[in-house]
Amino acid sequence: MKKNYQVFYWIKRNNKKYLNHMFVNANNAKSAIQYVRELIKDKTGRTAFGATTKAPTEQELNAYRKAWGYIVD
């Protein structure tokens, strides 16, 4: 039986990373991630990095933003 998964992934563009997500139906999380990576590669020609079904926490997002210069202290 297929379940609904939300897959989070990063796309690199203009020397920056952008967080995206997509909802897919799949038998398990591994196949959902694989499907999303293939779909993104076919549609955009770009690679979906760090694909996971686990949503990033606010702390992880803030650490990423600091590292890439989105937040200036």
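Strands S1 and S2 pair in the antiparallel sense, over 11 bridges. A quick word on terms. Helices are DSSP runs of H or I with at least four residues, strands are runs of E with at least two, and both are numbered from the N terminus. Two strands pair if DSSP finds at least two bridges between them. In general, strands of a sheet pair through backbone hydrogen bonds, either parallel or antiparallel.

Before I go on, this is a predicted model: local features need pLDDT of at least 70, side-chain atom pairs count only at pLDDT 80 or more, and totals for chains, interfaces and linings use all residues. Residues are numbered from 1 along each chain as its sequence is written, and side-chain values use heavy atoms, with hydrogens and water left out.

Back to the two strands. Now find Ile 11. Which residue in S2 is the bridge partner of Ile 11? The partner is Tyr 18.

Next, the turn. S1 and S2 form a hairpin, with 2 residues between them. Asn 14 lies in the loop between S1 and S2. Look at the backbone here. Phi of Asn 14 is near 55°, a positive value in a residue other than glycine. Asn 15 is not a glycine either, and its phi is also positive, about 60°.

Asn 14 counts as exposed because its relative accessibility is 64%. Asn 15 counts as exposed because its value is 74%.

One more thing about Asn 15. How far is Asn 15 from Trp 68? In sequence, they are 53 residues apart. In space, they are 9.6 Å apart, C-alpha to C-alpha.

Now the other pairing of S1. Strand S1 covers residues 3-13, and S1 pairs with S3 in the antiparallel sense over 2 bridges. Phe 8 has Thr 52 as its bridge partner in S3. Trp 10 has Phe 49 as its partner there.

Last, the whole chain. There are 2 helices and 3 strands. From the N terminus on, they run β-β-α-β-α. The C-alpha trace spans about 50 × 25 × 15 Å along its principal axes. The chain has 73 residues, and 23% of them count as buried.

What about contacts? A contact means heavy atoms within 4.5 Å. Take the contacts between residues at least 6 apart in sequence: 48% of these join residues at least 24 apart.

That's my tour. Questions, please.

How values were computed:
Buried means under 20% relative accessible area, exposed over 50%, partly exposed in between (1.4 Å probe, protein chains only).
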